Amino acid sequence: MGRLDVDLWTVLADARKGHAPTRLLESPGLIEDMLKDLDSVDPEFSTWLSAKREALHNRLLRELEEPLRGAIQEEEESVRLAHAILSLDPTHEEATRHLMRTLAARGDPSGAQRIYHKLWNLLDQHYDSYPDEKTQALIAQIKANVPSDD
């Protein structure tokens, strides 16, 4: 009997290796959509499936956060990791700060500011909150290094 390849297994294997899973980057709702058609089969099964989705979501976040925090040699892979984390949690501030720093270092402070404003809006809309002090300090630093248009 042949091996059955399942997207979620591939995603988990990539994350365990410290790589941003391509499938996760291509399908941001991959975890939420897992067995979506079976949500209405039975209330108890739906509850179980919801818990499994949450556990998988949390596991993937942990697997992806570790290499993002570590010394990643390749900048592009760290950007992919940050995007993968944000596909799981668009309000993940550590990943947002990583992208902001990278964009600013690449000479794109406007891109860093766009990412910051996207985070601000998401936190405001969904949680009636705002970015934490570290994120606010980073955007202030990025803005301070931007030459004014005067």
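Predicted model: local features only at pLDDT ≥ 70, side-chain atom pairs only at ≥ 80, totals over all residues.

Residues are numbered from 1 along each chain as its sequence is written, and side-chain values use heavy atoms, with hydrogens and water left out.

The largest pocket has a volume of about 170 Å³, the volume being the space filled by probe spheres set on the points, which are joined across faces, edges and corners. Which elements give two or more residues to its lining? I found α4, α5 and α6, and α6 gives the most, with four residues. Among the lining residues I listed H83, P90, T96, I115 and K118. By class the lining has six nonpolar, three polar and one charged residues, where Ala, Val, Leu, Ile, Met, Phe, Trp, Tyr, Cys and Pro count as nonpolar, Asp, Glu, Lys and Arg as charged, and the others, Gly among them, as polar.

Entry on salt bridges. I searched the whole structure and found six salt bridges, each being a side-chain nitrogen of Lys or Arg within 4 Å of a carboxyl oxygen of Asp or Glu. E94 pairs with R69, with the closest N and O atoms 2.8 Å apart. Because E94 lies in helix α5 (residues 93-105) and R69 in helix α3 (residues 43-69), this pair ties together parts that are 25 residues apart in sequence. For accessibility I used buried for under 20% relative accessible area, exposed for over 50% and partly exposed in between (1.4 Å probe, protein chains only). On that scale E94 is partly exposed at 24%, whereas R69 is exposed at 53%.

I then looked at R106, which forms a salt bridge with E75 at 2.6 Å between the closest N and O atoms. R106 is in the loop between α5 and α6 (109-127) and E75 in helix α4 (residues 75-88), 31 residues apart. R106 also bridges to E76, where the closest N and O atoms are 2.9 Å apart. I noted R106 as partly exposed at 43%, E75 as partly exposed at 39% and E76 as partly exposed at 39%.

Entry on H57. Is H57 buried or exposed? H57, in helix α3, counts as buried at 17% relative accessibility. Its side chain reaches the backbone oxygen of L88 at 2.9 Å.

Entry on aromatic rings. I found three aromatic pairs, counting rings of Phe, Tyr and Trp (its six-membered ring) whose centres lie within 6.5 Å, with planes under 30 degrees apart taken as stacked, over 60 as edge-to-face and the rest as tilted. Y116, W120 and Y130 form one aromatic cluster.

Key. 1 Å grid on protein atoms, 1.4 Å probe; cavity = no way out; pocket = protein on both sides within 12 Å on 5 of 7 lines; lining within 4 Å. Polar contact = N/O pair within 3.5 Å; in protein donor to acceptor, adjacent residues only side chain to side chain.
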